[in-house]
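The sequence and the structure are shown first.

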Amino acid sequence: MAVGEYKPGLEGIPATQSNISFIDGQQGLLEYRGIRIEELCRYSNFLETAYLLIFGELPTAKQFAAFVEDVNYRRRIKYRIRDMIKCFPESGQPMDALQSCIAALGMFYPLADLHDASFIYDATARLIAKMPTLVATFHLMRQGNDPVAPRDDLSYAANFLYMLNEKEPDPLAAHVFDVCLTLHAEHTVNASTFCALVTASTLTDPYTVLTSAIGTLSGPLHGGANEEVMRMLAEIGTIENVVPYLERKIKNKEKIMGFGHRIYKVKDPRANILQELAIKLFDRFGHDPYFDLAIELENQAAKYLAEKGIFPNVDFYSGLVYRKLGIPTDLFTPIFAIARTAGWLAHWKEQLADNRLFRPIQVYTGRHGVRYKPIGER
Ligand code: CMC
């Protein structure tokens, strides 16, 4: 391959063929299995959307009831996993805790046979079921509290908020959280999904596939950006500081967190949905002055960044929604991971169905023919 063909970050290079989701970055369009994200957020729910992503079609009522039951039944985690979490440092990053827990799950549910459909199904239901429990358990235990057992009578979203706060959530809060999960569930071959594909292509187990993906999601250029947005709004502090902050960042060639996307060259459609959800929450539970800062930042940033096609992405407004739901900032990225588990598993299955080991080539830029020099001569 000629050196000129190298594209940093593989920009524009197809890494796979997939029929799971589609983005039109010029139109601001996102579809899961052909259905627009706006429609899924309005009419579906996270577990139904997860089914759609993983199995390719919307479930019938019977299929959906069975899937919900199979997920609910697997929500609990083993005592030994709880004991392990107890040993984690309280100051540990929740994403690191989650990654460690998923790696450990692989030891409790070892790889049977990747050709065995029931193993694939069990692992899929188990991973979707246990992710929220693991996040909530670490959060409570790092504060010295006992974990709260999942409640089978609550929906997926309501149960997570319940486990976090030991209190049944308001129905609006549960609904908004469920929509957040739906719109984070899948997003083509982003960094963590690509990482999941590479790991899956070695034919390792699904727990290892997810462990790789969680690690990749945790970085500030990917899932970690929503936490950075909240830190940025805290640093800005007042409306008067928005323009000086922006000008300083632009002058220093620093990134504005929650802005920009490799594919979208218009505002991310998920940011529009999250903005509406935030307003719904404020109408019900009270306004958040950070929202005013965010709106001012979006308006002012357009003057500097719109011509480059840089607009708010999914991470810009998600933190404001989570903050109003009372979720601590360092759980924002683990929540992203809970939702994206559906997409990762869908891509894992798709990769297995037509697997070839990922083994790209590199453009070597080093030396050749160098003679070894003994240590005393260096
Ligand atoms: N603020 C200011 N300038 C930006 C930003 C930003 N957020 N993003 C890109 N640019 C500029 C960048 O400085 C560069 O300008 P120039 O051509 O003058 O040097 C140009 O746009 C291209 O930037 P890039 O970093 O090469 O573009 P990319 O396609 O690699 O960037 C990105 C994609 C998401 C990494 C980047 O936009 C970014 O770092 N954003 C901030 C972090 C963030 O919000 N991440 C969440 C992404 S969406 C959710 C997810 O994937 O998890």
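Which residue in β3 is the bridge partner of Glu31? The partner is Arg36. The model in which this pair is found is a predicted one.

**The sheet**

The pair of Glu31 and Arg36 belongs to the contact between β2 and β3, where β2 spans residues 29-32 and the two strands pair in the antiparallel sense over 2 bridges. On the other pairing, β1 and β2 run antiparallel and are joined by 4 bridges. One of the residue pairs here links Asp24 with Leu29, its bridge partner in β2.

Together, 3 strands make up an open sheet with the order β1-β2-β3 and antiparallel pairing. Because β1 (21-24) and β3 (35-36) each have a single partner strand, they stand at the edges, and one side of each is left without a neighbour in the sheet. In general, the strands of a sheet pair through backbone hydrogen bonds.

Two hairpins connect the strands. Between β1 and β2 there are 4 residues, and Gly28 in that turn has a positive phi of about 70°. The hairpin of β2 and β3 has 2 residues between the strands, with Arg33 at a positive phi near 50°.

**The ligand site**

The ligand sits in the largest pocket. There are 20 residues around the ligand, and those that come nearest are His222, Lys255, Ile256, Arg262 and Lys308. By class, this shell holds 9 nonpolar, 6 polar and 5 charged residues.

Which atoms of the ligand and of Ile256 lie 2.7 Å apart? They are a nitrogen atom of the ligand and a backbone N or O atom of Ile256.

| Residue | Protein atom | Ligand atom | Distance |
|---|---|---|---|
| Ile256 | backbone N or O atom | nitrogen | 2.7 Å |

On its own, the ligand has 930 Å² of accessible area, of which the protein covers 69%.

Key. Residues are numbered from 1 along each chain as its sequence is written. This is a predicted model: local features need pLDDT of at least 70, side-chain atom pairs count only at pLDDT 80 or more; totals for chains, interfaces and linings use all residues. Side-chain values use heavy atoms; hydrogens and water are left out. A residue is near a molecule or strand if one of its heavy atoms lies within 4 Å of it. A polar contact is a pair of N or O atoms within 3.5 Å; within protein, one must be able to donate a hydrogen and the other to accept it, and residues adjacent in sequence count only if both atoms are side-chain atoms. Accessible areas come from the Shrake-Rupley method with a 1.4 Å probe; for residues, only the protein chains shown count as cover. On a 1 Å grid over the protein atoms alone, a cavity is a set of points where a 1.4 Å probe fits but cannot get out, and a pocket is an open set with protein on both sides within 12 Å along at least five of seven lines; lining residues have an atom within 4 Å of a point. A molecule sits in a cavity or pocket if more than half of its atoms lie within 2 Å of its grid points. Ala, Val, Leu, Ile, Met, Phe, Trp, Tyr, Cys and Pro count as nonpolar, Asp, Glu, Lys and Arg as charged, and the others, Gly among them, as polar. Two strands pair if DSSP finds at least two bridges between them.
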